[in-house]
Every structure is written in structure tokens, then in C-alpha cells.
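Subject: Structure handover

Hello,

Here is the structure I promised you. Please load it first, then read on for what turned up.

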Amino acid sequence: VDPEYVLVLSGDHIYTMDYAKMLAAHRANKADATIGVFEVPWDEAPRFGIMNTDEKDGRIVEFEEKPAKPKSNLASMGIYIFNRDFLDKYLREDATDDNSSHDFGKNIIPKMLNDKARMYSYAFEGYWKDVGTIESLWQANMDLLQDEPPFSFTSAWTIYSNNPSLPPHYLGKEAKVTCSMLNEGSMIMGEVDHSVLFSGVKIGKGAKVTNSVIMPFTVIEENAVIDHAIVAQNCIISAGAHVAGSEGAIAVVPEGETVAAEQASVGQQVS
């Protein structure tokens, strides 16, 4: 196989895009490279690679890697289309450069721009979430709980994943569940509000889970309290324990950890 174009993607983003349309724009511009961009809130721009473009035609004139004071809020989506021979040339040159850190954002893209290559932006409209941080991963899960979620697992472009063979979720007589997503094998005896529960999660009597993401086969024992948290799989939150964060400071319990009642956590990693 000797392709004419190369599509490069990031693996920690959530979005739906027809790449054929981006390729058509790449061809129409007679571009060497086309980079997908998304308009982000200005206060979030410093955590992204930012593309400064010519407003007339979208040609990229400057790239800034996570600038402290961004000139634009057009974030690179980590979606690239390159002419194969063009990309091959720069990768080979970079591989032999002992002064390079061999990074796309720090070395290769700036070198292309310095060489006045024909590089264009491709503006994307729709839902896009970079889930490379704890806060953004938590927010993406919370987005699923909106009355009309911004993305769907059951659209024409189905998202496939492992589906364990487990019994339906079970709600006890005193259980209370509001505005939440439950998965197979979950057993709820306490209260769950505005949260996402993965497969096999158990919530004990008197326990309260709010604004949180609970991953597979974690056990929340009686009278424990979880709020604004991500609890990884196979954890045990002991009876009476508190794990509490806030927006901007999500509490995290790593995989396989046991949190005792005396290990109350506020907006930090519990281990």
C-alpha cells in the first residue's frame, strides 16, 4: 500500500467527524497539511496547541504549543491530514536531528511553518472533548446526563466496547436514583444522583453518590459519601468513608484502592 495522504489522530478525544470532508478541503486548498481546529473558551486555550490563522482563508500562520497568553482560541484537535511524501520528508529529517525532542507540536509542525509550507486549518463544529485531564474526563461523563446529551452511543456511528454478560441492575427498596446512568450488574441500596455507574458497581445502604463516576466492580459500602469524584475500577470505599471534590478539583481514587473512613479526601488523589 502506497497512500497519497496520511491521516493522524489522537486517541483521547470524543467527537464524531466525517474525515472525507476534511480530506476534500485539504485537496481544494492544495495543502501540504491540514489540521483540525476547534474553538475553545479563552480560559482553556493555554492547555492546548493553538493555531493562529489568516482569517481570509484559514491558512495557518503560526502555531503556539500551550501558550500562557494565546493570540487565538483555535485549538488543535490532534487531527492531521498530510501529503504522504511531505510528512515522510519531515519525519526523516527530524529523526536525524540530535537537537530535536521529536515532538509534533514542539518540533515538526513549527519546522513546517518556518519552511512556509501550505498548512491550513479545518474548523470543526459539533461536540469535541479532549479527555486528557481528570476534569475533562469527569465533565464528558457528566455531559451524558443532560436532558439532550451532546453525543450518543446509539447514533448511526455506533461506539463499540466490551459488553460483559451480567444481570440487569438492581434497586433495593430504599434505593433512590435520579438523573444517572446505571450499567449491568449494578446493585443500588443507597442514593445515586447525577452520576455514571459502570458495570458491577455496588452501592450500600445509606451511601450517597453524587456528581461522580464510579468505574467497574467498585464497592461503596454503607453510609459512605462520594461527591465530585472519579473512583476507578475494583475499589472499596469503606463504610462511613467520605471522598469529596468539587468542580475544578475532582477527587480521584486509583484502581484497586481501599479507602477507610479515616481517609476522607477533598479534591485530591486518595491512595
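Lys89 lies over the face of Tyr90, 4.3 Å from the ring centre. Keep in mind that this is a predicted model.

Now the aromatic pairs. A pair of rings is described by the distance of the centres and the angle of the planes. Searching the whole structure gives eight aromatic pairs. One of them joins Phe38 and Phe124. Their centres are 6.3 Å apart, and the planes make an angle of 40°.

Tyr80 and Phe82 form a stacked pair. Here the centre-to-centre distance is 5.8 Å, with 15° between the planes. Tyr80 is buried, at a relative accessible area of 11%. Phe82 counts as buried at 0% relative accessibility.

There is also a ring cluster. Ring pairs link Tyr15, Phe38, Phe48, Phe124 and Trp128 into it.

Next, the annotation. The unreviewed UniProt entry carries "domain: Nucleotidyl transferase" over residues 4–146. Over residues 4–146 the chain is 30% helix and 31% strand. The end C-alpha atoms of that stretch are 42 Å apart.

Last, a sheet. Strands of a sheet pair through backbone hydrogen bonds, either parallel or antiparallel. Which sense applies to the six strands of this open sheet? The pairing is parallel, and the order is β9-β11-β14-β17-β20-β23. The edge strands are β9 (170–171) and β23 (258–259). Each of them pairs on one side only.

Strand β14 covers residues 202–203, and strand β17 covers residues 219–220. These two pair in the parallel sense over two bridges. Ile203 stands opposite Ile220 in β17.

Best wishes

How values were computed. Residues are numbered from 1 along each chain as its sequence is written. This is a predicted model: local features need pLDDT of at least 70, side-chain atom pairs count only at pLDDT 80 or more; totals for chains, interfaces and linings use all residues. Side-chain values use heavy atoms; hydrogens and water are left out. UniProt positions are given in the numbering used here, feature names are shortened, and annotations may be inferred rather than shown by experiment. Helices (H or I, at least four residues) and strands (E, at least two) are DSSP runs, numbered from the N terminus. Two strands pair if DSSP finds at least two bridges between them. Rings of Phe, Tyr and Trp (its six-membered ring) pair if their centres lie within 6.5 Å; planes under 30 degrees apart count as stacked, over 60 as edge-to-face and the rest as tilted. Buried means under 20% relative accessible area, exposed over 50%, partly exposed in between (1.4 Å probe, protein chains only). A charge sits over a ring if NZ of Lys or CZ of Arg is within 6 Å of the ring centre and within 35 degrees of the ring normal.
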